[in-house]
Amino acid sequence: ALSRSTGKSQNALIREAIQLLITTKEQSQWSSTILNFQGVSDSIVFEAYREELSPPREDEVI
């Protein structure tokens, strides 16, 4: 009935349903507490120390 009323094939509707299920499952894996976390205001800003880091070493190929 949905196929007739929307003009979409059954396969197209199945693909849409699977995509919706995947999207819903991906979003529901993290709690809203984690998704809304904004960080800790008095923590160290690690990005401020990037310039003090040594450049990465070139690994020797043997």
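Helices here are DSSP runs of H or I with at least four residues, numbered from the N terminus. On that basis, Ala 48 falls in the segment after α3 (32-35). The model is predicted.

**Fold and dimensions**

- Read from the N terminus, the order of elements in the protein chain is α-α-α.
- Helix α2 covers residues 10-28, and α3 covers 32-35.
- The C-alpha trace of the protein chain extends over about 65 × 45 × 15 Å along its principal axes.

**Burial and surface**

- Buried residues make up 3% of the 62 residues in the protein chain.
- Ile 14, Ile 18 and Ile 22 together make a nonpolar surface patch of about 260 Å².
- One of these residues, Ile 22, sits in helix α2.
- Ile 22 counts as partly exposed because its relative accessibility is 39%, and partly exposed means between the 20% limit for buried and the 50% limit for exposed.

**Charges and the salt bridge**

- The protein chain carries 6 positive and 9 negative side chains, and 24 Å separates the centres of the two sets.
- Side chains of opposite charge can pair when their charged atoms come close.
- Searching the whole structure gives 1 salt bridge.
- Lys 8 and Glu 16 form a salt bridge through their side chains, with an N to O distance of 2.8 Å.
- That distance can be set against the cut-off, which asks for a side-chain nitrogen of Lys or Arg within 4 Å of a carboxyl oxygen of Asp or Glu.
- Lys 8 has a relative accessible area of 36%, so this residue is partly exposed.
- Glu 16, with a relative accessible area of 40%, is therefore also partly exposed.

**The segment after α3**

- Ala 48, in the segment after α3, has a relative accessible area of 56% and so is exposed.
- The cut-off behind that label is a relative accessible area over 50%.
- Between Ala 48 and Gln 19 there are 41 Å from C-alpha to C-alpha, and the two residues are 29 residues apart along the chain.

Technical notes:
Residues are numbered from 1 along each chain as its sequence is written. This is a predicted model: local features need pLDDT of at least 70, side-chain atom pairs count only at pLDDT 80 or more; totals for chains, interfaces and linings use all residues. Side-chain values use heavy atoms; hydrogens and water are left out. Helices (H or I, at least four residues) and strands (E, at least two) are DSSP runs, numbered from the N terminus. Buried means under 20% relative accessible area, exposed over 50%, partly exposed in between (1.4 Å probe, protein chains only). Lys and Arg count as positive and Asp and Glu as negative; His and the chain ends are not counted. The place of a charge is taken as NZ of Lys, CZ of Arg, CG of Asp or CD of Glu. Patches are made of residues with over 30% relative accessible area and no salt bridge: like charges are joined within 9 Å, nonpolar side chains (Val, Leu, Ile, Met, Phe, Trp, Tyr) within 5 Å. Accessible areas come from the Shrake-Rupley method with a 1.4 Å probe; for residues, only the protein chains shown count as cover.
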